[in-house]
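Subject: A structure for you to look at

Hi there,

Please have a look around it yourself, and then read on.

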Amino acid sequence: MACKVLIVCGSPVVASADLLCRLAGECDHVVAVDRGLDALLGAGLSCDVYVGDADTVSDAGRALVDAAEAFKVERHNPYKDYTDLALALDSVRRRWPGAEVVATCATGGRPDMALSVLGLLAGYADAPVWIAEDKVVARILHAGESWIIEGSEGKTFSIIAIAPNTVVSEHGLEWELDHSPLDLLADTGISNVVRSTATIQVHTGTAIAYLLREGFIGTVDRNNRSKSDYFCPVPGKPASMRFNPKSPCIKESLPL
């Protein structure tokens, strides 16, 4: 049976100690990516493998890496062609083929690095890939994969195509899609609402699906109004209902 590996990335915006402890407890192995070791140490945790060039880890973390006693170390020259996360994913493939991956401390800090992280995780097609942070959990879905979401009624859900020719279906949401195309990085699937047990499917392409851990964040929840106050079907658009500012079914202007 394939195992589950937690990858603690090196973002300067780290996950809480509670989340790190929970994720580490749910996974079979923990990989620290450079400064990710400091996040683990701050939560009273360690790792099984350290991967990185040790250019951003703290002095205390670097001392542990240099000692190489508590965990295995894959240390790389800072003058390299690949990011530390790319090398960590390669390590996971070699050590635990087919492992499911959960990444955390992955979305904060530099926007260029955040995009690179997303691209690298999307390229890991060996098994399911999750991104878990304190305020959001995300799943990268390749063609033929699905995600069933239970017990999240009222929470915000978004899905974004991160590959061309992406086609998705989603049911159990305020807006539902049925084999609907999503343009690359388009906003079509942003800020939906979970209404019941939801099923998300990607038929072709690749998408990233986000579930906010808090309740719905947006106009509908804040003003206690139905989306029908603002949205109605637009001819030629998917059945998910798109905003049409000229439609007669708009009862009032959208508040800023």
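Below is what was found in it, going from the whole chain to single residues.

**The whole chain**

Please keep in mind that this is a predicted model. The average pLDDT of the protein is 86, and 83% of the residues score at least 70. One stretch to treat separately is residues 221-256, where the pLDDT is below 50. In the model, this stretch still has 56 contacts beyond near neighbours in sequence.

The secondary structure consists of 6 helices and 13 strands. Of the 256 residues, 45% count as buried. If you take the contacts with a separation of 6 or more, 63% of them are between residues 24 or more positions apart.

**The aromatic rings**

How many aromatic pairs does the model have? The count comes to 2.

Phe 157 is in strand β9 (residues 155-161) while Trp 147 is in strand β8, so here the parts tied together are 10 residues apart in sequence. Like Trp 147, Phe 157 is buried. Put together, Trp 130, Trp 147 and Phe 157 make up one aromatic cluster.

There is a charged neighbour to look for as well. Arg 139 lies over the face of Trp 130, at 5.0 Å from the ring centre.

**Salt bridges**

The model has 11 salt bridges. One of them joins the side chains of Arg 95 and Glu 74, at 2.9 Å from N to O. Arg 95 sits in helix α4 (residues 84-95) and Glu 74 in strand β4 (residues 72-75), so this bridge ties together parts that are 21 residues apart in sequence. Arg 95 is partly exposed, with a relative accessible area of 30%, whereas Glu 74 is buried, at 11%.

Another salt bridge links Lys 80 and Asp 84, whose closest N and O atoms are 3.1 Å apart. Lys 80 is partly exposed, with a relative accessible area of 25%, and Asp 84 counts as buried at 11%. A further one is formed by the side chains of Asp 112 and Arg 110, with 2.6 Å from N to O. Asp 112 is partly exposed, with a relative accessible area of 43%. Some bridges share partners: in this way Glu 74, Asp 90, Arg 94 and Arg 95 are joined into one network.

**A buried charge without a bridge**

Which side chain of opposite charge is nearest to Glu 133? That is Arg 213, 7.7 Å away. Why does this not count as a salt bridge? A salt bridge needs a side-chain nitrogen of Lys or Arg within 4 Å of a carboxyl oxygen of Asp or Glu. Glu 133 is therefore buried yet without a salt bridge.

You will find Glu 133 in the loop between β6 and β7 (136-142). Apart from neighbours within four places in sequence, Glu 133 is in contact with Ala 15, Leu 19, Thr 104, Cys 105, Ala 106, Thr 107 and Arg 213.

**A buried leucine**

Finally, have a look at Leu 23, which is part of helix α1 (residues 17-26). Is Leu 23 buried or exposed? Leu 23 is buried, with a relative accessible area of 4%. Leaving aside neighbours within four places in sequence, Leu 23 touches Leu 6, Val 102, Thr 104 and Ala 132.

Enjoy exploring, and write back with any questions!

Best wishes

Note on methods
Residues are numbered from 1 along each chain as its sequence is written. This is a predicted model: local features need pLDDT of at least 70, side-chain atom pairs count only at pLDDT 80 or more; totals for chains, interfaces and linings use all residues. Side-chain values use heavy atoms; hydrogens and water are left out. Rings of Phe, Tyr and Trp (its six-membered ring) pair if their centres lie within 6.5 Å; planes under 30 degrees apart count as stacked, over 60 as edge-to-face and the rest as tilted. Helices (H or I, at least four residues) and strands (E, at least two) are DSSP runs, numbered from the N terminus. Buried means under 20% relative accessible area, exposed over 50%, partly exposed in between (1.4 Å probe, protein chains only). A charge sits over a ring if NZ of Lys or CZ of Arg is within 6 Å of the ring centre and within 35 degrees of the ring normal. pLDDT is the predictor's confidence in each residue, from 0 to 100. Contact means heavy atoms within 4.5 Å. Lys and Arg count as positive and Asp and Glu as negative; His and the chain ends are not counted.
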